[in-house]
Amino acid sequence: MNINKYHIFINQTGYLPNAVKTAYMAFPAEEFSVCDCGGRTVLTGRTERFGFDSLSGDTVFTADFSSLEKSGKYYISAAGKRSAEFVISEDVYRKNAEMLLHAFYYLRCGCELEPEYAGEFVHKKCHTAPAAEWYDHSVTRDICGGWHDAGDYGRYVTAGAAALQHMLLGCRLFPERFYRLKSNIPPCGKLPDILAECKVELDWIMKMQREDGAVYHKATTAHHAPFIMPEDDTAQMYLLPVSSMAAADTAAVMALASGIYREFDGEYADKLLKAAEKSYKWLENNPDFLGFDNPEGCGTGVYGERGDKDNRFWAAAELFGVTGEEKYHRDFRALLDEDFPKTALGFGEVGGMGALAYILSAGGDDTIKNRLKKNFSEKAAELKSLSDSCGYGTAMTGRAFCWGSNMNVLKSAMTFIIAAELCGEREYIPYAQKQLDYIYGANALGISYVTGAGEYSVKYPHYRPADADRIDRCHEGFVSGGANGRPCDEKAIKLIPEGTPPMKCFVDEVECYSLNEITIYWNSPAVFAAAWLSE
Ligand code: 9MR
Ligand code: ZN
């Protein structure tokens with residue numbers, strides 16, 4: 001059991017010296033003090049009564065200790081209760097970002113994880129056998145590589161493309177911050193670590209691309225493996241049917257990547273661009289939506305979508321950005337007034353990714369660019385008012401506490417950063433940081449949702465190797481899915497009493513996949529936000 005002995009909730013990994021710093025408590029206290037770890041009081045202040053917060057069911061009091069800027073290790077106390085320890089330091093977020101990035105190494109498939117890079121969390125080569133098409137087993141392919149998606153060992157193209165987009169967008173916008181991240185992974189030519197890690201997934205997606213440019217939606221066994229190590233999961237691997245979302249996301253992310261890798265490796269950049277054009281050609285020849293649902297007998301993740309217009313929009317925007325060709329511009333404009341959110345940065349909704357690609361393109365129409373930026377401004381304003389009306393400062397509605405709610409928190413952080421950087425609205429910077437504070441422990445349960453980050457952090461994520469490796473602890477750097485007001489796995493339903501406020505619908509239990517799983521696209525927006533805050 002993972003029990004919190006603290007009652008004052010803070011970002012347990014710490015704060016940048018000049019950051020806004022808030023501690024939260026769900027008990028009345030008039031005064032608080034900040035102590036250094038020798039127990040000396042370094043700051044005292046009065047708390048503020050926030051009042052009732054409906055997302056947590058708490059009456060919240062806050063303590064603002066922003067004026068403390070001196071580097072060091074501290075804790076907070078009030079009314080005889082205290083917080084976990086935290087630091088104030090210039091490099092907290094660089095470290096956080098590196099830890100989050102290194103988690104992707106543990107998810108690598110098809111290769112051995114070596115002690116030099118994985119410490120004790122090694123495993124042998126996994127999932128190396130060729131995969132067979134679901135409907136025609138005589139068609140087989142080598143699709144070795146990529147990242148395991150999550151707690152399961154499936155590999156899904158649209159999920160991979162979203163995770164790549166978050167990290168590659170960061171590289172595109174803030175190359176210095178992202179390229180200096182060190183992740184302790186095998187070196188790969190001259191590539192910065194983040195690009196070396198992303199190349200693993202890019203190479204795999206290229207293997208999922210058919211000769212005609214169509215892309216298999218996913219590669220999984222028929223059902224999720226039991227809790228065994230990946231190398232012991234030797235059931236037949238299948239290639240599930242192609243989808244137009246997979247083709248469009250492939251075109252988009254390959255085009256985005258080709259622009260980024262060109263600086264380091266022209267040949268690889270050409271290969272990426274060819275792959276992008278090939279899938280785009282397939283999309284042109286196949287204008288109708290080709291969705292995905294599991295065929296009978298397949299029980300792994302679906303990643304279905306109700307349309308592909310936003311995926312095609314993203315693909316056209318990235319290809320326009322990297323080639324400047326008018327035909328992509330025309331396709332992009334033709335989709336502009338379609339009804340899908342133009343700020344969405346998810347794995348199912350990718351309209352925001354298309355908007356960003358267009359905003360960042362060298363050509364393009366300024367009127368359209370301004371309109372797309374305005375959408376992000378408006379979205380940030382909406383999120384700011386949610387954050388202001390939440391006792392714990394998180395930009396969430398009750399509904400947003402769904403399976404993988406932490407992705408919603410982290411996407412809000414991304415939106416605040418985008419509004420600050422691309423629309424010049426610097427007032428959103430503290431709001432971006434507050435979302436990370438929530439993730440790292442400033443929430444109603446006082447838990448840090450990143451494994452190994454902070455004294456009271458998630459220890460038992462739903463992640464097969466963590467349970468199967470016989471090592472007592474999980475390695476660090478995984479973002480847990482987080483609180484879910486509509487838990488749907490058996491154990492969570494049993495453990496979470498009916499009527500629990502959404503922010504408190506969480507338990508750190510390995511069986512609870514609808515609360516405590518991990519995935520690549522929950523880590524990736526965290527890498528984006530943490531790396532951005534690293535400077
Ligand atoms: O992250 C997905 C979540 O938003 C959905 O509600 C859920 C149910 O469809 O599926 C999640 O994705 C899972 C995927 O299907 C398989 N790999 C693990 C993913 C994370 O739980
Ligand atoms: Zn594997």
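**Figure 1. Lining of the largest cavity in the predicted model.** By class, the residues around the largest cavity comprise 3 nonpolar, 6 polar and 3 charged. The model shown here and in the following views is predicted. The space inside the largest cavity amounts to about 70 Å³. Its lining is formed by Asp-152, Tyr-153, Gly-154, Thr-220, Thr-221, His-223, His-224, Ala-225, Asp-233, Met-237, Thr-300 and Arg-464. In total, 3 cavities of 30 Å³ or more are counted.

**Figure 2. The second largest cavity and its lining.** A volume of about 40 Å³ is found for the second largest cavity. The residues that line it are Asn-4, Tyr-6, Ile-8, Phe-9, Ile-10, Gln-12, Ala-84, Gly-441 and Gly-446. This lining holds 5 nonpolar and 4 polar residues, and no charged ones.

**Figure 3. The second largest pocket, with residues from β9 and α1.** Two elements, β9 (86-88) and α1 (92-106), each contribute two or more residues to its lining. Helix α1 provides the largest share, 5 residues. Of the 17 lining residues, Gln-12, Thr-13, Val-87, Lys-95 and Asn-96 lie nearest the centre of the pocket. By class, the lining of this pocket consists of 5 nonpolar, 6 polar and 6 charged residues.

**Figure 4. Helix α8 and its packing partners.** Helix α8 covers residues 309-323, and its 15 residues reach 21 Å from the first C-alpha to the last, close to the 21 Å expected at 1.5 Å a residue. Because 11 of these 15 residues are buried, α8 is largely enclosed by the rest of the structure. The buried residues run from Asp-310, Asn-311, Arg-312, Phe-313 and Trp-314 through Ala-315, Ala-316 and Ala-317 to Glu-318, Leu-319 and Phe-320. They pack against α3 (157-173), α6 (244-261), α7 (266-285), α9 (326-335) and α10 (351-359). Just after the helix, Gly-324 adopts a positive phi of about 75 degrees.

**Figure 5. Helix α6, one of the partners of α8.** Helix α6 is among the elements against which the buried residues of α8 pack. It has 18 residues and reaches 25 Å from its first C-alpha to its last, close to the 26 Å expected at 1.5 Å a residue. Since 17 of its 18 residues are buried, α6 is largely enclosed by the rest of the structure.

Figure 6. Ser-524 belongs to helix α17, which comprises residues 520-533. This serine is buried, with a relative accessible area of 0%. Leaving aside residues up to four places away in sequence, Ser-524 touches Phe-104, Ala-162, Ala-163, His-166 and Met-167.

**Figure 7. The whole protein as the setting for the close-up views.** The protein contains 17 helices and 14 strands. Its C-alpha atoms fill a box of roughly 70 × 55 × 45 Å along the principal axes. For 535 residues, a compact globule would have a radius of gyration near 24 Å, and the 23 Å of the protein agrees with this. Buried residues account for 62% of the 535. Among contacts with a separation of 6 or more, 72% join residues 24 or more positions apart.

Notes: Residues are numbered from 1 along each chain as its sequence is written. Chains are lettered from A and ligands numbered from 1 in the order in which they are written. This is a predicted model: local features need pLDDT of at least 70, side-chain atom pairs count only at pLDDT 80 or more; totals for chains, interfaces and linings use all residues. Side-chain values use heavy atoms; hydrogens and water are left out. Helices (H or I, at least four residues) and strands (E, at least two) are DSSP runs, numbered from the N terminus. The expected span of a helix is 1.5 Å times one less than its number of residues. Buried means under 20% relative accessible area, exposed over 50%, partly exposed in between (1.4 Å probe, protein chains only). Contact means heavy atoms within 4.5 Å. On a 1 Å grid over the protein atoms alone, a cavity is a set of points where a 1.4 Å probe fits but cannot get out, and a pocket is an open set with protein on both sides within 12 Å along at least five of seven lines; lining residues have an atom within 4 Å of a point. Ala, Val, Leu, Ile, Met, Phe, Trp, Tyr, Cys and Pro count as nonpolar, Asp, Glu, Lys and Arg as charged, and the others, Gly among them, as polar. The radius of gyration is taken over C-alpha atoms; the globule rule is 2.2 Å times the number of residues to the power 0.38. Grid points are joined across faces, edges and corners, and a volume is the space filled by probe spheres set on the points.
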